[in-house]
Amino acid sequence: MEFFGLILLAVIVEGIISYTKAFFVDGKFQWQVVAAIAIGVFLAIVYQIDLFSIVGLSARIPLVGNILTGILISRGSNYIFDLIKTLQTQKDETQS
């Protein structure tokens, strides 16, 4: 499960870096991106969704898993679907 968690962490870091580029487009601040992150994090905390604990990673700092999961949620359903597909492929390859 550690390899699976490592893949998940790599994907979230890449996602956060890519997401921060979307804060400013053509020199204009994109408030919609910040709103999407805030809503995603809020929902993950309210519904106690922590994708990292599901794959066996537990944070020492409370709510970190919820916040990171909220950021993933804010990226949208296509991003989540691609993430799940990538993680499933990695899981299948490690079990073979």
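Modeller: Buried means under 20% relative accessible area, exposed over 50%, and partly exposed in between, with a 1.4 Å probe and protein chains only. This is a predicted model, in which local features need pLDDT of at least 70 and side-chain atom pairs count only at pLDDT 80 or more, while totals for chains, interfaces and linings use all residues. Residues are numbered from 1 along each chain as its sequence is written, and side-chain values use heavy atoms, leaving out hydrogens and water.

Colleague: What percentage of the residues of the protein count as buried?

Modeller: The protein has 96 residues. By the cut-off of under 20% relative accessible area, the buried share is 27%.

Colleague: In what order do the elements of the protein run?

Modeller: Helices (H or I, at least four residues) and strands (E, at least two) are DSSP runs, numbered from the N terminus. The protein has 5 helices and 2 strands. From the N terminus on, the order is α-β-β-α-α-α-α.

Colleague: Where does Asp50 lie, and which side chain of opposite charge is nearest to Asp50?

Modeller: Asp50 is in the loop between α2 (31–46) and α3 (51–54). Lys and Arg count as positive and Asp and Glu as negative, with His and the chain ends not counted. Asp50 is buried but has no salt bridge, that is, a side-chain nitrogen of Lys or Arg within 4 Å of a carboxyl oxygen of Asp or Glu. At 13 Å, the nearest side chain of opposite charge is Arg60.

Colleague: Which residues is Asp50 in contact with, leaving aside its neighbours within four places in sequence?

Modeller: Contact means heavy atoms within 4.5 Å. With those neighbours left aside, the contacts of Asp50 are Gly65, Asn66 and Thr69.
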